[in-house]
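I opened this notebook to keep track of what I looked up in one structure, and in what order. The sequence and the model come first, and my entries follow.

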Amino acid sequence: MVVARSVALFAVAALFEIGGAWLVWQGIREHRGWVWIGAGVVALGLYGVVATLQSDDNFGRILAAYGGVFVAGSIAWGMVADGYRPDRWDVAGALVCLAGMAVIMYAPRGN
């Protein structure tokens, strides 16, 4: 259950961080305005809060592992929100990043 909770927290964190960055992008690059930018800033702040809910006490480990989630999540977000079509190398790279995340977070440790 601990791994399932951790994975769920990573997914929620990704929604907030990637979604927040996308909202800022939309506000600035697509000229949607300050409301979009403000919503993005709030979402990015909530990402920081969600990251603290991981059970591991090591900030560096959590943030490093989250990097793999961010890579894969960003590709998925681009597919859904912007119609991005990843090629096989994008998919392979995302899978490598997720495998790295799993090793960093869930490898058995003697401590």
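Before looking at any residue I wrote down the terms for accessibility: a residue is buried at under 20% relative accessible area, exposed at over 50%, and partly exposed in between, with a 1.4 Å probe and protein chains only. I also noted that this is a predicted model, in which local features need pLDDT of at least 70 and side-chain atom pairs count only at pLDDT 80 or more, while totals for chains, interfaces and linings use all residues. Residues are numbered from 1 along each chain as its sequence is written, and side-chain values use heavy atoms, with hydrogens and water left out.

**Entry 1: Ala 13.** Is Ala 13 buried or exposed? I found that Ala 13 counts as buried because its relative accessibility is 3%, and that it sits in helix H1. Helices here are DSSP runs of H or I with at least four residues, strands are runs of E with at least two, and both are numbered from the N terminus. I then looked up its contacts, meaning heavy atoms within 4.5 Å. Apart from neighbours within four places in sequence, Ala 13 touches Tyr 47, Val 50 and Tyr 66. Tyr 66 is 53 residues away from Ala 13 in sequence, yet their C-alpha atoms are 8.5 Å apart.

Entry 2: Grid points are joined across faces, edges and corners, and the volume is the space filled by probe spheres set on the points. I found one cavity of 30 Å³ or more, and the largest cavity holds about 40 Å³. Its lining includes Ala 13 together with Tyr 47, Val 50 and Tyr 66. Helices H1, H2 (34–51) and H3 each give at least two residues to this lining.

**Entry 3: Arg 5.** Arg 5 also lies in helix H1, but it counts as partly exposed because its relative accessibility is 44%. Beyond residues up to four places away in sequence, Arg 5 touches Leu 53 and Ser 55. A polar atom of the Arg 5 side chain lies 2.9 Å from the backbone oxygen of Leu 53.

**Entry 4: helix H4.** Which residues of H4 are buried? I listed Ala 94, Met 101 and Met 105. Seen down the axis of H4, the buried residues fall within an arc of 15 degrees, taken from the directions from the helix axis to the C-beta atoms, so they line one face of the helix. They pack against helix H1 (2–29) and helix H3 (59–82). The face turned away from the buried side carries exposed residues, among them Arg 88, Trp 89 and Val 103.

**Entry 5: the whole chain.** The C-alpha atoms fill a box of roughly 50 × 35 × 20 Å along the principal axes. Of the 111 residues, 28% count as buried. Among contacts with a separation of 6 or more, 65% join residues 24 or more positions apart.

How values were computed
On a 1 Å grid over the protein atoms alone, a cavity is a set of points where a 1.4 Å probe fits but cannot get out, and a pocket is an open set with protein on both sides within 12 Å along at least five of seven lines; lining residues have an atom within 4 Å of a point. A polar contact is a pair of N or O atoms within 3.5 Å; within protein, one must be able to donate a hydrogen and the other to accept it, and residues adjacent in sequence count only if both atoms are side-chain atoms.
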